[in-house]
Amino acid sequence: MPKTPVSILLPLPRGLKITLISEGLDGVLVHVTSVRRQAKCPLCQAPSRHIHSRYCRTPADQPCVGRPLRLLLNVRKFFCKVVDCPRKVFTERLPELVEPSSRLTIRLRSALQQVGFTCGGKGGERLATALGMGVSDTTVLWSVQLEQAPTTATDQVRVVGIDDWSWRRGQSYGTIIVDLERRRVLDLLPDRSVEAISTWLAAHPCIEVVSRDRGANYVEGATKGAPQATQVADRWHLYKNLGDTVESFLVRARVRLADETPLLSAEQGGEALAAVLSSSSTPATLSTSPVRSFVPLPRPAISTKPLRLEQSKARAQRKWQLHQQVHSLRSQGLSLHQVVKEVGLARNTVRKYARQPVPAVPPEPTLRPRRASVLDSYEEYLLRRWNEGCRNGALLFGEIRAQGYTGGKTVVKDYIRYLRKHHPSQTISSRPRQQRSASASPRELRWLLARQREDLDEEQQSRLNRLLAGSTEVQQIHALLQNFHVILRHKQHERLDCWLEQAQKSGIPEMRSFALGIRRDYEAVKAAILLPWSQGQTEGQVNKLKTLKRAMFGRAGFPLLRQRMLQSNSLPAG
Ligand SMILES: [Zn+2]
């Protein structure tokens with residue numbers, strides 16, 4: 001058939017002819033007639049020329065310049081004359097254009113699949129409508145589900161990373177399996193049971209390396225399903241677990257950095273005050289009588305509101321009880337998974353509790369640094385006025401408001417009440433609140449200890465030195481932490497045994513239990529030091545999965561999520 005301008009714009013399979021193009025209510029209508037002489041019976045495959053009747057199908061096709069396009073397909077029914085064929089009448093098939101009883105052409109369907117894979121149901125519906133495809137999100141989702149998930153030639157997979165992802169946060173988890181060499185998602189499993197993981201791995205006997213986190217299910221699943229493979233513990237989790245260990249030591253031992261500026265003696269306090277006063281721009285109101293300077297203990301840099309303290313204590317108490325409960329359930333032989341279900345905590349928390357020994361008494365609440373306050377920039381002025389003898393909150397509020405203070409009166413009054421309570425009739429050296437509240441939290445100290453010395457600036461170095469000078473235990477934990485990092489960074493697996501011994505001998509309970517955990521997973525940790533594989537790639541894919549899951553508005557079930565995730569392998573990254 002020679003190509004006409006119309007057949008260039010709207011290509012159709014051989015034997016179909018466009019007879020008319022018209023405008024319908026909702027777009028373009030293309031009338032198409034089948035002119036094939038014969039059709040094959042779908043059952044016996046025998047060709048037939050005996051027309052039974054004609055009828056019209058109206059599948060939607062790809063849009064025409066942004067307008068919906070519908071085909072009016074004039075097709076026929078044929079008689080099958082083969083004597084022993086049970087089918088007496090059959091409809092003409094157009095396998096290149098549209099499937100039997102489908103309301104979309106094959107090319108529209110596959111365009112919708114691409115839209116669905118990229119945008120999900122609702123997003124796909126919006127995009128498809130804007131492009132003139134005019135279909136519902138159900139059609140988009142349905143199109144996606146019709147597509148077979150592409151599978152990788154799994155006999156080539158050598159190195160896999162396994163991790164979990166949360167299906168419903170804290171409630172149910174699935175498993176993701178990534179080909180670390182080809183950076184592709186291999187599969188999603190609907191749970192993270194030992195059975196599911198070992199079955200999947202057993203079906204891929206070519207796997208040589210399994211990189212996994214240190215969750216018991218994955219250890220067991222990998223051991224059962226891929227006994228031939230080397231297991232690699234996750235380096236990132238090693239760093240993190242050790243960091244957590246250090247932090248829990250800092251919290252328990254109540255390690256704090258000595259205050260930033262040394263306390264002033266009384267005389268120095270007086271000088272400092274004089275310096276503040278002389279640098280002030282409004283010296284006129286100064287009382288010249290000698291002030292008996294008194295330097296109080298600095299106001300604590302932590303939040304000390306009674307209610308807050310009560311809340312923190314109650315929280316610590318609750319955590320402590322849960323910690324005990326986890327240990328008692330574990331000692332009854334429950335698996336981590338069962339404990340998670342029983343106590344209703346996140347899996348990682350339960351794992352953490354199971355590893356750490358329960359303290360004999362409830363731990364003191366973690367102290368939180370005070371937050372910045374609107375009062376900070378006026379504190380110096382308020383202290384000066386206090387030292388001049390002004391004790392009137394309302395008056396002081398008026399004064400600093402004139403200077404631009406935008407906060408409330410209560411804040412000022414509370415502050416004056418605080419001064420009255422703790423420093424009655426005394427003058428106070430002015431040490432800016434900002435400076436005091438800079439005192440570091442356990443988390444900040446953890447990072448100070450973890451970083452390499454050459455990465456610290458001068459001030460950080462001096463803070464580190466002061467921190468280390470505080471106690472030998474801190475020195476010990478700093479050395480252990482730094483050495484472990486060196487072992488990981490420089491692949492010095494031969495130093496691991498020595499390190500473990502030191503950690504166990506350190507007398508720091510948190511370090512001892514970390515070392516015990518390493519011993520339990522010794523081979524995999526050693527492999528983590530030696531081999532280049534890590535979970536970084538897997539974590540990246542989990543993030544991609546989270547984005548996809550969110551974009552689907554909880555509409556789709558596991559099969560669709562799996563489809564989209566596997567399909568996304570073939571889409572350009574980004
Ligand atoms: Zn037949």
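**Entry 1: a strand pair**

I began with strand 9 (residues 159–168) and strand 10 (residues 172–179), which pair in the antiparallel sense over eight bridges. Two strands count as paired if DSSP finds at least two bridges between them. Helices (H or I, at least four residues) and strands (E, at least two) are DSSP runs, numbered from the N terminus. I looked up V160 and found that V160 stands opposite D179 in strand 10.

The model is predicted, and I noted its limits: local features need pLDDT of at least 70, side-chain atom pairs count only at pLDDT 80 or more, and totals for chains, interfaces and linings use all residues. Residues are numbered from 1 along each chain as its sequence is written.

In what order do the five strands of the open sheet stand? I read the order as 11-10-9-12-13, with mixed pairing. Strand 11 (184–189) and strand 13 (230–233) are the edge strands, each pairing on one side only. The twist averages 25° from one strand to the next. Axes here are lines fitted to C-alpha atoms, for helices over the stretch in contact, and angles run from 0 to 180 degrees between N-to-C directions.

**Entry 2: helix 4 and its neighbours**

I found helix 4 (residues 194–202) lying across strand 9, strand 10 and strand 11, and running at about 140° to strand 11. I then checked helix 4 against helix 5 (residues 216–225): their axes come within 8 Å and cross at roughly 35°. The crossing is right-handed. That term applies if the near helix is turned clockwise from the far one by less than a right angle, and left-handed if anticlockwise.

Among the residues that make the contact are I197, W200 and L201 of helix 4 and Y218, A222 and K224 of helix 5. Two residues are in contact if their C-beta atoms, placed from the backbone, lie within 7 Å. I sorted the contact residues of the two helices into seven nonpolar, five polar and two charged. Ala, Val, Leu, Ile, Met, Phe, Trp, Tyr, Cys and Pro count as nonpolar, Asp, Glu, Lys and Arg as charged, and the others, Gly among them, as polar.

**Entry 3: an open strand**

Why does strand 5 (residues 51–57) lie largely in the open? I noted that the number buried among its seven residues is zero, so strand 5 lies largely in the open. A residue is buried if 20 or more other C-beta atoms lie within 10 Å of its own, exposed if 12 or fewer, and partly exposed in between, with C-beta atoms placed from the backbone. Strand 5 pairs with strand 7 in the antiparallel sense over six bridges, and Y55 stands opposite V75 in strand 7.

**Entry 4: positive phi**

Most residues other than glycine have a negative phi. V65, not a glycine, has a positive phi of about 45°. V65 lies in the loop between strand 6 (60–64) and strand 7 (67–79). V65 counts as exposed because it has 8 C-beta neighbours inside 10 Å. S101 also has a positive phi, near 60°, and its place is in the loop between strand 8 (89–91) and helix 2 (106–130).

**Entry 5: confidence**

I looked up the chain's pLDDT, which averages 79; pLDDT is the predictor's confidence in each residue, from 0 to 100. Confidence is lowest in helix 7 (residues 266–279), at a mean of 39, and highest in strand 4 (residues 47–48), at 94.
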